[in-house]
Amino acid sequence: MNNLSLSEAEKLDLNSFFIETIQSDDFLGHEVQDDKESSELYWAGSEVGDRMFDLCIDYNDHKMTCVVYECDPYEDDDGSENWTTNISKSFVLHKALDAFQLAELQGMADE
């Protein structure tokens, strides 16, 4: 995979979106299996400026990784605009976060 080019501002915005996502009730209530063969991925989309991104969050072996993909626009059969994930380029936003790092990001760590 090629590296996805992101500005520093886009990285900051995507990181903020990632943190909001992992703090959300939807994410916290999502069933994630800790088994690579049947692991469930959590996907979330975010528009930054005029670009659309999909964040793929994978929790495996007690570690969390978040990979960012850019989305390409396309037109549905009914003429409405939509997005499709382009997996040819990616950016690893977070890699192998352990439970303590994750709790800190989620604001649940003890002071």
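Start with the largest nonpolar core: it has 19 residues. Those with the most contacts inside it are Leu 14, Phe 18, Phe 53, Leu 55, Ile 57 and Met 64. By nonpolar core I mean a set of buried Ala, Val, Leu, Ile, Met, Phe, Trp, Tyr and Cys residues joined through side-chain atoms within 4.5 Å. Buried is under 20% relative accessible area, with a 1.4 Å probe and protein chains only; exposed is over 50%, and partly exposed is in between.

Which elements give two or more residues to this core? Helix H1 (8-23), and strands E2 (41-48), E3 (51-60), E4 (63-75) and E5 (81-97). H1 gives the most, with four residues. Helices (H or I, at least four residues) and strands (E, at least two) are DSSP runs, numbered from the N terminus.

A word on the source. This is a predicted model: local features need pLDDT of at least 70, side-chain atom pairs count only at pLDDT 80 or more, and totals for chains, interfaces and linings use all residues. Residues are numbered from 1 along each chain as its sequence is written, and side-chain values use heavy atoms, leaving out hydrogens and water.

Now the strands. Two strands pair if DSSP finds at least two bridges between them. E3 and E4 run antiparallel, joined by eight bridges. Asp 54 has Tyr 69 in E4 as its bridge partner. These two strands form a hairpin with two residues between them, and Asp 61 in the turn has a positive phi of about 55°.

Next, E4 and E5. Eleven bridges join them, again antiparallel. Pro 73 stands opposite Trp 83 in E5. Five residues lie between the strands of this hairpin, and Gly 79 in the turn has a positive phi of about 95°.
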